[in-house]
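User: I would like to learn how to read surface and charge features from a set of coordinates. Could you take me through them step by step?

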Amino acid sequence: MALVGLEELRAARQRIAGVAVRTPLVPAPWAGSAERRLWLKPENLQPTGAFKTRGAYNRLAALTEQERARGVVAQSSGNHAQAVAYAAGLLGIKAVIVMPDTSPAVKIDATRAFGAEVVVVAPEERDTLPVELAERHGYVWVPPYDDPYIIAGQGTVGLEIAEDAPAELDTVLVPVSGGGLISGTAAALKLTRPGVRVVGVEPELAADAQASLRAGERLSWPVADTYRTIADGLRTPSVGELPFQHLTAYVDDIVTVSEEEIRATVALLARRGRLVAEPSGAVAPAAYFHRSDEVGGQVVAAVVSGGNIDPALLSELLAV
């Protein structure tokens, strides 16, 4: 399967215009120094609270009339779920979403509120039941990351960073789960500003992508291991096949952050940046604050990928 190129990225930008928000690139002077500057890309400002709106709408808007009539099925711990539900509602498409019972209640409730039928299952069934439902009912499967339309939609994040960042930008930090966001973002950056380094960031407890990139092959972690992290949006046991091709072609490195660093960064972004970030959304900035030796760079942009955090958890993290 071919890598996503500028033609697909620009087509995605046109397709999602007016639906996904063109989020600003916000300077964070409170986080800088004479040697380093940070810019934040707040994807928590999207209509569904995360970057997933971009890829989901790009995928659904490209369906044929016959495919739309069949309805769609997707699986997600929450952000892709909400994005597919939201896009389906806008386009008049039936959506069935399979979600693990470990998903935050706020994400399950929001997905239902967007009009989707939600099926809650054990984590081990999240990836198998959608296939069964697609075969049984004829639904079109909308994967969360292993799809060129999804990757191109998420890659509009990279197009915007490339256009909005200062000329001195040298490093972009992007969270990694299944790999859709970093695949599209890295492709967009390398094809428009090739001198910029793209560094993925994962929780230490779900570092399958780092292990895969360094081994040169896709590796999978047990669900029981990846589900230990507080970053519920980054618990995928392995990157997708197409994303892995993009990782090997365009991503310079992947670093990891600890649970304590993720928690501290959620609180820091809220207090100093006035940004509500879920743990998954705080992972990339956490690398800037806590892993500077590994990340490097003097002018850095970090993607705050989502803000769908349970209010009780946010209160807990702010109280520390």
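User: What is the accessible surface of the protein, and which part of it belongs to carbon and sulfur atoms?

Analyst: In this predicted model, the accessible surface comes to about 11,900 Å², and carbon and sulfur atoms account for 51% of that area.

User: How should I read the overall fold, and why is the protein described as compact as a globular protein of its length?

Analyst: The protein contains 15 helices and ten strands. Its radius of gyration is 18 Å, which is close to the 20 Å that the globule rule gives for 320 residues, and therefore the protein is as compact as a globular protein of that length. Along the principal axes, the C-alpha atoms fill a box of roughly 60 × 45 × 40 Å. Where contacts join residues at least 6 apart in sequence, 74% of them join residues at least 24 apart.

User: Which parts does the salt bridge between R37 and E168 tie together?

Analyst: The side chains of R37 and E168 meet at 2.8 Å, N to O. Because R37 lies in strand β2 and E168 in the loop between α7 and β7, the pair ties together parts that are 131 residues apart in sequence. R37 is partly exposed, at a relative accessible area of 36%, and E168 also counts as partly exposed, at 43%.

User: Are K41 and E160 buried or exposed?

Analyst: Both K41 and E160 are buried, and their side chains meet in a salt bridge of 2.5 Å, N to O. K41 belongs to strand β2 and E160 to helix α7, so this pair ties together parts that are 119 residues apart in sequence.

User: Where do E43 and R54 lie?

Analyst: E43 lies in the loop between β2 and α2, whereas R54 lies in helix α2, so their pairing ties together parts that are eleven residues apart in sequence. The closest N and O atoms of this salt bridge are 2.8 Å apart. E43 is buried, with a relative accessible area of 0%, and R54 counts as buried at 0% as well.

User: Which residues are linked in a network of salt bridges?

Analyst: Such a network links R13, R22, E163 and D164.

Note on methods: Residues are numbered from 1 along each chain as its sequence is written. This is a predicted model: local features need pLDDT of at least 70, side-chain atom pairs count only at pLDDT 80 or more; totals for chains, interfaces and linings use all residues. Side-chain values use heavy atoms; hydrogens and water are left out. Helices (H or I, at least four residues) and strands (E, at least two) are DSSP runs, numbered from the N terminus. The radius of gyration is taken over C-alpha atoms; the globule rule is 2.2 Å times the number of residues to the power 0.38. Contact means heavy atoms within 4.5 Å. Accessible areas come from the Shrake-Rupley method with a 1.4 Å probe; for residues, only the protein chains shown count as cover. A salt bridge is a side-chain nitrogen of Lys or Arg within 4 Å of a carboxyl oxygen of Asp or Glu. Buried means under 20% relative accessible area, exposed over 50%, partly exposed in between (1.4 Å probe, protein chains only).
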